[in-house]
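Please consult the structure below before reading the grouped points.

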Amino acid sequence: MDLLNAFVALSNFVLVPAIAYGSQLALGALGVTLIYGILRFSNFAHGDTMAFGTMVTILFTWLFQSWGLSLGPLPTALLALPFGILGCVALVLLTDRAVYRFYREQRAKPVILVIVSIGVMFIMNGLVRFIIGPGDQRFADGERFIISARDFKEMTGLREGLAIKTTQGLTVVTAVIVVALLFWFLNRTRTGKSMRAYSDNEDLALLSGINPDRVVMVTWLIVAALATVAGVLYGLDKSFKPFTYFQLLLPVFASAIVGGLGNPLGAIAGGFIIAFSEVMITYAWKKVLGYTLPESLEPEGLVQLLSTDYKFAVSFVILLIVLLFRPTGLFRGKAV
Amino acid sequence: MSETMRNTALFAGVAALIVGTGLFQSWNAALLILNMGLISAIMALGVNLQWGFAGLFNVGVMGFVALGGLATVLVAMPPTTEAWAAGGGRVLGGLLCGAAVIGTAILAHRFMAPSRLRGLVMLVILVGGFFAYRAVFDPGVEAVEAVNPAGTGYLGGLGLPVLLAWPVGGVLAAGAAWIIGKAALGLRSDYLAIATLGIAEIILAVLKNEDWLSRGVKNVNGIPRPVPYEIDLQNDPGFVEKVQGLGLDPVTASSLYIKLGYAALFTVVLVLILVAAQLALKSPWGRMMRAIRDNEVAAQAMGKDVTRRHLQIFILGSAVCGIAGAMMTTLDGQLIPTSYQPLRFTFLIWVMVIVGGSGNNFGAVLGGFLIWFLWVQVEPMGHWLMQTITAPMADGSALKEHLLDSAAHMRLLTMGLILLLVLRFSPRGLIPEK
């Protein structure tokens, strides 16, 4: 019985949150990795692209709420999500047309594009703060829990409760659907295949008649959709604050690099690696160890390896270890 | 000599902007802009050293600046003797223990043949060492933080003159740069960028959470100054007499006097660093750096140790940022870890370097002054703009209030716009590299 309680406590505090967070990171990292693979630069504005898409979604959510529209137990934000994606797509296509295209035609060095993306980051960040303000916004509604801790205890008679928030369930389901769609698109459709060809070898792809403008446009479409979905899921799960989204840049990039930049499968694996290590290293293990170890060995302290404020340090250290021992990432990404 | 004329005109233009602030707003505001402009110019010189000379992409400027700030506290604040007695030795012992663990692990990695055994040994050393370190360190920290937590609760500094903190800030930043450079230089540029972004966040996390070191988010106030206090000047009959002879109010005059004092100190540092950077740029060493930047493979073929040279200039540039950080905290008189924002302390410095002209020291200095001036003045301009736009709207309408409230965020938009416009239409900056 003790092992069972330990497992439930572990799931409640580590597994479920880490899976949800990992899915969000994976979606973010997929966007970064696609831009890296096809447009060939590290997009520093990605965190703020996520913030912009989420902001549009929040505005539509508020509009729908004021109309009295809702999805019952599911958050209204799901209904607003397509509009958020549209808004984000409009913004990134506009940015590409006004900013990035010029440097692409010049064949500027990747690092110049990175600096350009810093300028874009400033503008998007300013835009989001200008429209919705720098404060915290909560926009989750509907049913809060799939299973609440108390229901779970009553159902099973265990001492430990397992709570699964609706947003966590939603995150995982959405992430699975989105990733499945993305891989189907990349592997089965003509456009997807042309994107992969362009990513693998630009010159050969051009020779075989692939239209580069189309590939770039489709990439931005997908990236905007991924960024918005990731941002909205993160915001539903925690809360929306422009600065937090800017800070997400570090774990998102860490995920993409750990998995191997330019490799979509790697981005997903990286997202989960980063999320699980962050949660596990900053979790206080006292409860779980208390159930599994014999009483005489029961720990006195919290058995927390690092305080939660050091979660950035975790993604960073993993990143460094991978860079030092396997510079192209776990899944052999590409190097520009 | 048209180029010299042009550059002089640019500098004169920025000077006119600052003097204009003095004439139309207040001299106090003008001197504030001047002082932070001097500090920004030094930070821009540091980044220019890394990016302009060597093409290293460092987006962790904020971390090095914050380390400089930490140096001010460690050097200038009086030591908390009770805290040292309570747990100071234990804290130091813990840190030494941690360093020893990492050292042993590195030794094991270096001297054991690559095998599964080596990995296992390193794992045991690191995991065991971590718990040993926590066992020594944690009780010490607890004891230190328990000493008068509302007033001190930290070990304090060395009680030395605050000017000494400036070079120390540089040394601290250089140390951090050495660690990060050892690990991430020689990899691709994007990786260095992400690694520096990460180290800056970690330095900030340490400053916010290690209360025994610098009181964390409780801030350290009242850091000693290199210049006299306003109140002492106002109570000094000699000063008051002299000022009233000039027809000035003693309160305003004392504040201006202090700011001018800071400005003089900062100017000395800026000139020293600028001269050093200029000499370095024109020396064989500077030519070698640019050769490496422009063609790494060719430079390597000529027998230059690219990674070592990169490490060298990365450390130098970060040290300059650390010095500037220490100067800034001295000017503020307090260390507030939550005030360090990457947009303000990393990316804004980048805007300064790019707008001023990367690779040109004078460009970096000009960019530092100009962008800082804009950063300060865009906010009132935004307010004015918004007031003009919203003037015809009805008072109390939600949109009007929202627009007026949001005017403060105009500065991010403006900075992004300036950066993009300069990159597009004048990618070499206002004063291009020769």
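How far apart do the C-alpha centres of domain 1 of chain B and domain 2 of chain B lie? The separation of these two centres is 33 Å. This is a predicted model, in which local features need pLDDT of at least 70 and side-chain atom pairs count only at pLDDT 80 or more, while totals for chains, interfaces and linings use all residues. Residues are numbered from 1 along each chain as its sequence is written, and chains are lettered from A and ligands numbered from 1 in the order in which they are written.

**Domains of chain B**

- Domain 1 of chain B comprises 2-79 + 156-425, and domain 2 comprises 80-155; such bounds come from an automatic or database domain assignment.
- Contact between the two domains involves 7 residues of domain 1 of chain B and 12 residues of domain 2 of chain B, where contact requires C-beta atoms, placed from the backbone, to lie within 7 Å.
- On the side of domain 1 of chain B that touches domain 2 of chain B, there are 3 nonpolar, 2 polar and 2 charged residues. Ala, Val, Leu, Ile, Met, Phe, Trp, Tyr, Cys and Pro count as nonpolar, Asp, Glu, Lys and Arg as charged, and the others, Gly among them, as polar.

**Interface of chains A and B**

- In this interface, 33 residues of chain A are in contact with 33 residues of chain B.
- Elements giving two or more residues to the chain A side are helix 3 (77-106), helix 4 (110-132), helix 11 (249-259) and helix 14 (311-325) of chain A; helices are DSSP runs (H or I, at least four residues), numbered from the N terminus.
- Helix 4 of chain A gives the most to this side, with 14 residues.
- The chain A side that touches chain B divides into 25 nonpolar, 6 polar and 2 charged residues.

**Annotated segments and helix 1 of chain A**

- An unreviewed UniProt entry lists several stretches of chain A as "transmembrane region", including residues 6-39 and 77-99; such annotations may be inferred rather than shown by experiment.
- Residues 6-39 of chain A are 97% helix and 0% strand, with end C-alpha atoms 47 Å apart.
- Residues 77-99 of chain A are 100% helix and 0% strand, with end C-alpha atoms 31 Å apart.
- Helix 1 of chain A has 37 residues, and its end C-alpha atoms are 51 Å apart, which agrees with the 54 Å that it should span at 1.5 Å a residue. The expected span is 1.5 Å times one less than the number of residues.
- At S11(A), helix 1 of chain A bends by about 50°, the angle between axes fitted to the seven residues ending there and the seven starting there.
- R40(A), which follows helix 1 of chain A, has a positive phi near 65°.

**Helix 12 of chain A and I273(A)**

- Helix 12 (residues 264-282) of chain A has 19 residues and reaches 27 Å from its first C-alpha to its last, close to the 27 Å expected.
- Its buried residues include P264(A), I268(A), I273(A) and E278(A); buried means 20 or more other C-beta atoms within 10 Å, exposed 12 or fewer, and partly exposed in between.
- Among the elements covering these buried residues are helix 1 (2-38) and helix 6 (166-188) of chain A.
- I273(A) counts as buried because it has 22 C-beta neighbours inside 10 Å.
- Beyond its neighbours within four places in sequence, I273(A) is in contact with V258(A) and I318(A).

**G52(B)**

- G52(B) is placed in helix 2 (residues 27-54) of chain B.
- G52(B) is buried, with 29 other C-beta atoms within 10 Å.
- Leaving aside neighbours within four places in sequence, G52(B) is in contact with V353(B), S358(B), G359(B), N360(B) and E433(B).
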